[in-house]
Amino acid sequence: MGFTGSTSALPPGPWGPLYYVNNAPETPVFWHQNVWLRPFLLEFDSISEAVRHLRAIQRNWAPVLHTNFRRGTLIDSLMPSVSRRPRTFPWLLPDSPLGAWTLLDDHRLVGSACCSSPFPAGSIRFEEDKEGPPSRAYLKLWESLVRCRRWPGPGQRCLDAGASPGGWTWALARLGARVIAVDRAEPEPRILAMTGPDGLPAVRYIKHDAFTLDPTEFGPVDWVFCDVACYPPRLYEWVERLFTAGIRANFVCTLKMQGTPDQDTARRFAEIPGGQVLHLCYNKHELTWIKLD
Ligand SMILES: C[S@@+](CC[C@H](N)C(=O)[O-])C[C@H]1O[C@@H](n2cnc3c(N)ncnc32)[C@H](O)[C@@H]1O
């Protein structure tokens, strides 16, 4: 059995869905499900040896098998179980690190204790609500908030730009927050009729172009959400204007791509201090920029 932290020992990929890059690329890569940040190669003789070695590093691991499924499944069955069941929201992510591993063959395993995604194999699914929300867009909002490890609650004010038909507004109002929903198209009436924990209206609708709305129209907010269908540079200019206007809040914004992804604007968002650009499991041809205050 041999264990090496040296990546030079790793054979060239791809290994199934996994790509191996020897050095960090100069341009950041946003379109990935999970990055294994410190890959190692483990050569082992028996299943129990592989298990012992992984467990000695840390408790939680999730496999990404693409070959040798029977052996991989046996190894996984002897590890502490990591649930992959759909989650109910809100769900507070555990702090403990979650590693990933795969088999190259019966005696070689590549793993990483440290990964960019906190979800097993970079993937999360939620128990969906098929009746409440008017669109499935709330799922990417839930995923963003799980990654934030916090979410709006009673007493907090949220701006929801590009709110119609009302999926994000529905999810925010359900958390007990007040929502200022801005869109040129009206959200569904039942969304506008939602009430807060105090029985008062939870949603105020402003029919306006979100990007030309004066911030004094909505006042101080704790969270800024934006799912407006627009070119990413337009979103970036708007965010800059909000910063200039002194808005201090948590931001969750979708960067919607048309055709070839706008890598330059994604990079500019990623360079905003404290921010990160993610490709969520529930994102389509889009990225999500998150910046917590
Ligand atoms: C993908 S939908 C938003 C879905 C919404 N987040 C939900 O959960 O139901 C995009 C919305 O952006 C709105 N939109 C596009 N340009 C806008 C603008 N300049 N200002 C406000 N809303 C805009 C569209 O009317 C549309 O309702």
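**Notebook: charged pairs and rings**

I began with a network: salt bridges link K140, D227, K256 and E286. For me a salt bridge is a side-chain nitrogen of Lys or Arg within 4 Å of a carboxyl oxygen of Asp or Glu. Before going on, I noted that this is a predicted model, where local features need pLDDT of at least 70, side-chain atom pairs count only at pLDDT 80 or more, and totals for chains, interfaces and linings use all residues. I also noted that residues are numbered from 1 along each chain as its sequence is written, and that side-chain values use heavy atoms, with hydrogens and water left out.

**Entry on salt bridges**

How many salt bridges does the structure hold? I found 16. A reminder to myself: side chains of opposite charge can pair when their charged atoms come close.

I looked up D227 with K140, and their closest N and O atoms are 3.2 Å apart. D227 lies in the loop between β9 (223-226) and α6 (232-244), while K140 is in helix α3 (residues 138-148), so this pair ties together parts that are 87 residues apart in sequence. My helices (H or I, at least four residues) and strands (E, at least two) are DSSP runs, numbered from the N terminus. Are these two residues buried or exposed? Both D227 and K140 are buried. I use buried for under 20% relative accessible area, exposed for over 50%, and partly exposed for in between (1.4 Å probe, protein chains only).

Next I turned to D209. It forms a salt bridge with R184, with 3.7 Å between the closest N and O atoms. This pair links distant parts of the chain, 25 residues apart: D209 sits in the loop between β8 (203-207) and β9, and R184 in the loop between β7 (178-183) and α5 (189-192). D209 has a relative accessible area of 19%, so I wrote it down as buried. R184 reaches 58%, so it goes down as exposed.

D209 also forms a salt bridge with R234, the closest N and O atoms being 3.4 Å apart. R234 lies in helix α6 and D209 in the loop between β8 and β9, so the pair ties together parts 25 residues apart in sequence. R234 has 38% relative accessibility, so I list it as partly exposed.

**Entry on aromatic rings**

I counted 17 aromatic pairs. Rings of Phe, Tyr and Trp (its six-membered ring) pair if their centres lie within 6.5 Å; planes under 30 degrees apart count as stacked, over 60 as edge-to-face and the rest as tilted.

How do the rings of F89 and F126 meet? Their centres are 6.4 Å apart and their planes at 85°, so the pair is edge-to-face. F89 is in the loop between α2 (69-77) and β4 (98-105), and F126 in the loop between β5 (108-112) and α3, 37 residues apart. F89 is buried at 11% relative accessibility, and F126 is buried at 4%.

I then checked W142 and W170, a tilted pair with 6.2 Å centre to centre and 35° between the planes. W142 is in helix α3 and W170 in helix α4 (residues 167-174), 28 residues apart. Both W142 and W170 are buried.

Which residues form one aromatic cluster? I listed F89, F126, Y138, W142, W151, W170 and Y282.
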